[in-house]
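User: Hi! I am new to structures and would like to learn how the terms get applied. Could you take me through this one?

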Amino acid sequence: MEWFTEILPVWLAAPDGEWAREILQRGVAALYLVAFLSTLNQFRPLLGERGLLPAPELLEAGRQRGPTLFRRWGYSDRRLVMLAVVGMAVSALLVAGIPQAGSPWLPLALFLGLYGLYLSVVNIGQVFYGFGWEMLLLEAGFTVGLLGSQQVPPPAPVLILVVWLVFRLEFGAGMIKMRGGPEWRDLTALDYHHQTQPMPNPFSRQAHLKPPWWHRCEVVGNHVAQLGVPFLLFLPQPVASIGAGAIILTQLWLVATGNFAWLNWATIILASAALGDSVLHRLIPALPADLGADAALEAGNASGGSATGVPVYWTVIVLAGSVALIVASVPALRNLFSRRQLMNASFNRWQLGNAYGAFGSVTRQRIEIIIEATEAGFGDHPPEDEADWQPYEFKGKPGDVRRRPRQWAPYHLRLDWMMWLLPLSGLHQRWFHTLLARLLVADPAVLGLLRRDPCAGRLPRFIRVRSFRYRFATRAERRETGQYWMRDDGRIVIGPLAAR
């Protein structure tokens, strides 16, 4: 018994990981706050009772992806709002660090609560919640909860599991690219990616206009960061911190050049698991080198725990949770080395131990789907004058050629992302047809997802869908036209459709 209560907790402790725990728990909680805010603002018009893909219909048919509280409660928009508000409140407490000052089980309980609430949303979110960063947030929340509170030293097995999560995320993405399109192997992927990525940001055009040699260096740097650097995370300090720093720097470049929701910020936060307190103290002397370690030891003794300051029940929880995560990630380990590697795949109903990856191939042309409306025309005859047609403007995706792309990440504009995917997956999808029908009746909830309604809330007489090829304006074109984008004349792919 002495071995279990005295010796084992010492082996499991990582006293050099106090700052890592603070960054991990507060950072992941901040991402949950953003995720629940996105859900509060967008779920109802997309998936609510009158959404584009109503969640109640999914639940009635029993087609939900996995466990969800709405299966037991039944779905209503009001319950969705309550869930999102509770999720935001709990996330805010964890960002402030209030539960982390209590017993070890308290942060775990709250992170498990966030995990359960968000899992309930993701499992009925259909295509609008089908992105890899949804399952990444779920797995991250479940894992960092096992780091406990400031009353105990950070558990080394859990920090290693977070590093393992980063390894799967980065190495999996690297292997997907090497097995994917030839543009990653011939080093030309970044000749196109800044321009054709789902939702460019204010700096994307400048990044795209860099010379070819710069783009070659970007691709080589990406391969090194994803295929080589992740192995450094498992080595002793300071090598692990150097590896984490390299990953963080490459992710910051992605933050500066694109809008990928919270994917890059999640990677930055999770990579901090490999940052040692001693290394951080040497880099930033103002940071204490032994944050909370002595206080945790004293608190543990006062609370009746072992002489190491770790209650026996907490040791049991950490070991059980670690074993569960290890077992869950075995299929993901096999997937990394499979010739048929899956990208952003979950191997269980709980979305733990997942496989990750992104952009195994890069599109070379940017196709934008533009929806236009007019109040002109008569009967079943739409106007022939092109000036009568005006576009619906989305908040994040390109439309107006004179409008500079905006920064949105880590906030996730779900409809804008689906509009980027539309040309790749086909226009004739249920959610898109429903979107057009709602625009014809000027549905206020759907219009609230957009930046600009050309009819200002009035019913359009006709709408149509056009397809354009977009590219960034060169520096000379920008000076001459004042445009950020150049596009062709486009073609009508749906419509005109008349309001009934």
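User: What makes some stretches "transmembrane region" here?

Analyst: That label comes from the UniProt record, an unreviewed entry, and covers residues 80-99, 105-124, 252-275 and 312-333. UniProt positions follow the numbering used here, feature names are shortened, and annotations may be inferred rather than shown by experiment. Please keep in mind that this is a predicted model, where local features need pLDDT of at least 70, side-chain atom pairs count only at pLDDT 80 or more, and totals for chains, interfaces and linings use all residues. Residues are numbered from 1 along each chain as its sequence is written, and side-chain values use heavy atoms, with hydrogens and water left out.

User: How much helix is there in residues 105-124 and in residues 312-333?

Analyst: Residues 105-124 are 90% helix and 0% strand, with end C-alpha atoms 29 Å apart. Residues 312-333 are 95% helix and 0% strand, and their end C-alpha atoms lie 31 Å apart. Helices (H or I, at least four residues) and strands (E, at least two) are DSSP runs, numbered from the N terminus.

User: How do you know that the length of α17 agrees with a helix?

Analyst: The expected span is 1.5 Å times one less than the number of residues. The 17 residues of α17 (residues 312-328) should therefore span 24 Å, and the end C-alpha atoms are 25 Å apart, which agrees.

User: Why do we say that the buried residues of α17 line one face?

Analyst: Buried means under 20% relative accessible area, exposed over 50%, and partly exposed in between (1.4 Å probe, protein chains only). In α17, Trp314, Thr315, Val318, Gly321, Ser322, Leu325 and Ala328 are buried. Seen down the axis, the buried residues of α17 fall within an arc of 170 degrees, so they line one face of the helix. The arc is that of the directions from the helix axis to the C-beta atoms.

User: What makes a space a pocket, and which residues lie nearest the centre of the largest pocket?

Analyst: On a 1 Å grid over the protein atoms alone, a pocket is an open set of points where a 1.4 Å probe fits, with protein on both sides within 12 Å along at least five of seven lines; lining residues have an atom within 4 Å of a point. The largest pocket is lined by 42 residues, with Lys177, Phe260, Leu263, Ala358 and Phe359 nearest its centre.

User: Which UniProt domain is placed at residues 129-281?

Analyst: The unreviewed UniProt entry places "domain: Lipase maturation factor 1/2 N-terminal" there. Residues 129-281 are 65% helix and 0% strand, with end C-alpha atoms 39 Å apart.
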